Amino acid sequence: MKNPSFYRRLLLSTALMLAACYAQAGTLTMLENPRWRVALDPATLEIEVTPAKGPAVPVSSGVGRHRVSDLQSTAATASWEWNDGAYRIAAELDDGDLNLTIHASTAGELMLLRQPATAIGRGLILPLAEGHYVARDSKIWRDFLLQQMASLNTTQDLSLPLWGLDHGDFSLHWMMTNPFNNRLDFNADQDGSGLGLKLSHEFTSLSPDTPMTLTLHLGGADLLAGAKRYRTWLMTAGRFESLKEKIGKSPSAVKLIGASHAYLWGAGLIAAKDVSSWPAFLAILRGKEALAINLRKHFDADSRKVLAEAGANLGKYQETALIRAFNAALDAIAREAWQTEALDVQRLANRYGELRLEATQVFARALTADPANWGGGVSIATMEQLRQAGLSRLWIGLGEGWEGGLWHPEAIAAGVKAGYLIGPYDSYETALPLGFNPDWATAHLGGKAYRECAIVLKDGKLKSGFNQSGHYTNPVCMQPLMEARVAALQEKTGFNSWFLDAYAAGMLFDDYRQTAPMTMARNAEANAASTRWISENRQMPAGSEDGNAVTAQGIFFAHGMQTPVIGWGDKEMYKDKNSPYYLGNYYPPEEPSNMFKAAPLKALYRSIYFDPAARLPLYQAVFHDSVITTHHWGFDNLKLNNVGRENELAQLLYNVPPLFHLSAGALAARLPQMQRQDAFFRPMHERLAYQALTGFRWLSADRQLQETRFADGTWQVANFSGKQQVFNGQRFPAYSVTANTPDGKTTVFASVVKHHGL
C-alpha cells in the first residue's frame with residue numbers, strides 16, 4: 001500500500017458520510033435524563049423507552065419509513081422534517097414527559113403510532129366511560145375491542161384523551177393534548193393473542209396551522225397516574241373549572257351537592273284521578289265543542305274505537321286509553337301552533353297555557369276544579385311525596401322534555417319550593433324538517449335552522465342527524481335560537497336547571513360551510529358556551545350527556561359516565577321484543593318500558609361494563625371535584641337486574657349519585673331504594689364533592705376489595721365479593737362500602753340488591 005494515510009482518511013471520510021446518511025435516514029436518536037431514556041427512529045417514529053429502574057418497552061414499532069432531513073438533536077430534544085418538509089416533527093424530554101409535536105404543510109391523515117401488543121405490559125388502562133383495566137391475557141376484552149370497538153373517535157368514544165400501559169413498578173401513559181381529529185384503531189398481533197393499536201391524526205384544511213401534540217408520561221405504579229397528569233395539564237392550561245368556582249357564578253348549583261338524580265315521566269295535562277265524572281267526560285269528548293272535535297281528529301283508530309264503545313262503567317284499560325289519547329291530542333294541537341317554518345318561541349311558550357285554560361272551561365263539569373293539581377308524574381302530588389319521603393336534595397329532569405313544565409308550572413314551582421333542581425331534557429343537536437316526527441318536539445327548530453345550521457361535511461353533503469333523521473347542527477349557528485327558546489321556556493315554566501342532550505358527549509364535527517366554517521375545537525368551545533350561558537346568564541345549573549373531557553367545560557353534571565349506553569345496535573337488546581334481554585321502547589308515555597322495565601344484561605356486557613376487577617375511576621381522578629356524573633338515563637340504578645349490586649357499590653365507591661326513573665305508578669315502590677342510597681350518599685357527597693379523588697388500589701388478589709382516597713383524607717373501601725374480607729386488621733362485610741373519614745368515624749353501606757335474570 002503506497003499511501004496508507006490516504007486510505008485511512010478515505011475510510012474515515014466514508015464512515016462519516018455513511019453515519020450522516022444513516023442519521024438522516026433512520027438511525028436511532030437518543031434522549032435521556034435521570035428518570036429514563038428514549039430511543040426514537042426519526043424515519044419511522046419507532047419509539048423505545050427505558051425507565052431508570054425498569055426494562056425497555058417498545059411503545060411504537062414505527063409507522064412506515066419517511067425521508068428524513070434537517071435532523072437536529074441534543075440530550076433532551078430532537079427535531080426533523082419528513083418528506084422534504086411535508087411534516088415537521090419535534091420531540092422533547094421534560095422530566096417524566098416525552099412531548100411530541102407534528103406540523104403538516106398540507107391537509108391529510110397521518111399515522112403517528114403503531115403500538116405493539118408487547119407494549120401493554122400487564123394491562124391496558126382505557127378511559128371508556130368512567131374507566132377500565134384491560135388485562136393483557138383477557139380474551140373477552142381483546143375480542144370485544146377488536147369486534148365492537150375496533151376504531152375509536154378519541155373525542156366521543158374516550159372519556160379522556162389518553163390511554164395507559166401497566167408495567168407493575170411503573171406505568172406509561174399517552175396523552176393527546178390535541179384531542180381533536182384523532183382515531184385509535186385496535187388490531188390483533190400476528191398470532192392473534194395480543195392487542196395492538198394505531199393512532200392517526202387528520203390535519204384539516206380548516207385549521208392547517210394547528211399541530212398534533214401528544215405526550216408520553218412516565219408514571220409510577222399508580223394506575224391513575226395518566227389521569228392525574230392530564231388533570232395537572234388541564235390546570236396548567238387554564239382549562240380546569242372546579243365546582244366551587246362554577247357555583248360562585250351560579251349559586252343555586254349548590255343544590256347539586258348530595259343530590260340524587262331522577263327522571264320524571266307522565267307529563268300529560270291530566271291523569272285518571274283528575275276526572276271527577278266519567279259520564280260527563282265522555283259526553284263532552286263526544287260533543288260538538290270545537291276543542292272536543294279537534295281532539296277527536298287527533299285520536300288514532302284504537303282510541304276512536306274505545307271512545308265509541310265506552311259505556312257507563314269504564315274499565316281500567318278504557319280509562320287509561322282515553323287519558324292517553326286526550327293528552328296526546330292536546331300535545332299535537334299545541335305543536336301544530338308552533339311547529340312552523342319560522343319558529344316563534346313566544347308562541348311555543350304560550351300555546352300550552354292557552355289550551356289548558358280552554359280545556360278547563362270546556363271540561364269544567366268533568367274534571368276536578370283546580371288545574372294546578374292536575375297531572376300524573378309531573379304534578380304537585382309527586383313533589384309532595386318526594387318531600388315527605390325526606391329526600392331534601394334532588395335533581396329532577398322531565399324525561400319528555402319541557403312540555404310537562406308548560407302544562408304544569410305549579411308542579412315545577414312546588415319542586416323548586418321543596419329545594420329541588422328541576423329541568424327539562426332539551427336538545428339542539430338535531431334539526432328536523434317541518435312535518436317530520438312532530439312528537440320529537442325538541443328537535444323542531446324551524447326551517448331556517450334545518451337548512452342553514454346543518455353541518456356541512458368535507459364532501460359538501462349535509463350531516464344526517466340522530467338515527468339518520470334531519471341534520472346535525474352547528475352550535476354557533478344554533479346559539480341565538482337556543483338562547484331565545486330557553487329564556488322563553490324558563491319564564492313560562494319556572495325551571496331552575498337544564499339538561500342539553502349530547503352537548504358534552506364529545507360528538508364534535510368539522511363544519512365545511514363556506515360562509516362560517518367550524519373546527520372540532522371550535523365546536524367544543526361553542527358547546528361549552530351554550531351550557532355556560534344557561535348556567536350563568538339564566539342562573540340554571542346545566543348538565544349534559546356523558547361529560548367527555550373535551551366537552552366538560554361549562555357543565556355541572558353529566559349523565560352517562562358511570563354507566564354508558566350499552567350494546568347500541570344489539571338486536572336482542574333493542575329490537576327483538578321476544579328476547580329476555582329486550583330493554584323496551586318509549587311506551588307507554590307515562591312509564592316507558594325502556595326506562596322502567598327491569599332486564600338482565602348479557603354475559604359479555606356484564607364482564608365488560610360491570611366486572612369490578614376491570615373498572616378504574618379514571619374520569620373521577622380528573623373531574624370528581626369539577627363535574628358530577630352518574631348513569632345514562634337508559635341504564636338507571638334499577639334497569640339492569642343482574643348487575644345491580646356491582647353497579648350500586650361502584651357508584652358509592654366513586655362517590656357519584658344514583659339515578660332513578662320515576663312515575664306516578666312506580667314512585668311508591670322506588671322510594672325506599674332512593675332513601676337507602678340517599679342516607680349514605682348524601683352526607684358523603686356533602687363531604688367530598690369539592691375534594692379530588694386522589695387514590696385507587698386493589699386490596700385483594702382477586703381485585704374484589706377496592707379502595708378510593710380523597711384529598712381531605714377520607715378513604716372508602718368496597719367489597720364486591722360475597723364473603724367478608726380483612727385488610728390491615730379492618731373487616732369489610734360482603735357486598736358493602738365502608739367510608740372512613742379523617743375524624744375517625746366509619747360508616748358502612750350494605751347492599752341488599754338481589755341478582756335476577758340470566
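In this predicted model, the largest cavity is lined by Glu241, Lys246, Arg532, Ser535, Glu536, Gly554, Ile555 and Phe556. Its volume is about 50 Å³. Helix H15 gives the most to this lining, with three residues. By class, the residues that line the largest cavity comprise four charged, two polar and two nonpolar. In total, six cavities of 30 Å³ or more were counted.

Helix H15, which spans residues 520-537, also packs on a sheet. That sheet is open and consists of eight strands in the order S26-S25-S24-S23-S20-S19-S18-S27, with parallel pairing. Strand S26 (628-630) and strand S27 (659-662) are the edge strands, and each of them pairs on one side only. The strands touched by H15 are S23 (498-500) and S24, and the direction of the helix makes about 175° with that of S23. A further helix, H21 (residues 667-688), lies across strand S18 (260-264), strand S19 (394-398), S26 and S27. The angle between H21 and S27 is about 155°.

A second open sheet is made of four strands in the order S9-S16-S15-S12, and here the pairing is antiparallel. Strand S9 (108-115) and strand S12 (151-153) each have a single partner strand, so one side of each is left without a neighbour in the sheet. Strand S15 (residues 182-188) and strand S16 (residues 195-203) run antiparallel and are joined by seven bridges. One of the residues paired in this way is Ala188, whose bridge partner in S16 is Leu195. Helix H2 (residues 139-148) lies across S15 and S16 and runs at about 125° to S15.

Strands S15 and S16 also take part in the lining of the second largest pocket, to which each supplies at least two residues. The largest share of that lining, three residues, comes from S16. The second largest pocket holds about 540 Å³ of space. It is lined by 24 residues, and those nearest its centre are Asn153, Lys463, Leu508, Phe509 and Met520. The lining of this pocket divides into 10 polar, seven nonpolar and seven charged residues.

Several antiparallel strand pairs were examined separately. Strand S5 (residues 68-73) and strand S6 (residues 77-82) run antiparallel and are joined by four bridges. In this pair Gln72 has Ser79 of S6 as its bridge partner, and the hairpin that joins S5 to S6 passes through three residues. Strand S6 also pairs with strand S7 (residues 87-94), in the antiparallel sense and over six bridges. Here Glu81 stands opposite Arg88 in S7. Four residues lie between the strands in the hairpin of S6 and S7, where Asn83 takes a positive phi near 50°.

Strand S28 (residues 693-698) and strand S29 (residues 705-710) form another antiparallel pair, with five bridges. Arg697 has Glu707 in S29 as its bridge partner. The hairpin of S28 and S29 has six residues between the strands, and in it Arg703 takes a positive phi near 65°.

A search of the whole structure finds one disulfide. It joins Cys453 to Cys477, with an S to S distance of 1.9 Å. The link is left-handed, with -65° about the S-S bond. The two cysteines belong to distant parts of the chain, 24 residues apart. Cys453 lies in the loop between helix H13 (447-452) and strand S22 (471-472), whereas Cys477 lies in helix H14 (residues 475-493).

Notes
Residues are numbered from 1 along each chain as its sequence is written. This is a predicted model: local features need pLDDT of at least 70, side-chain atom pairs count only at pLDDT 80 or more; totals for chains, interfaces and linings use all residues. Side-chain values use heavy atoms; hydrogens and water are left out. Two strands pair if DSSP finds at least two bridges between them. Contact means heavy atoms within 4.5 Å. Axes are lines fitted to C-alpha atoms, for helices over the stretch in contact, and angles run from 0 to 180 degrees between N-to-C directions. On a 1 Å grid over the protein atoms alone, a cavity is a set of points where a 1.4 Å probe fits but cannot get out, and a pocket is an open set with protein on both sides within 12 Å along at least five of seven lines; lining residues have an atom within 4 Å of a point. Grid points are joined across faces, edges and corners, and a volume is the space filled by probe spheres set on the points. Ala, Val, Leu, Ile, Met, Phe, Trp, Tyr, Cys and Pro count as nonpolar, Asp, Glu, Lys and Arg as charged, and the others, Gly among them, as polar. A disulfide is a pair of cysteine sulfur atoms within 2.5 Å.
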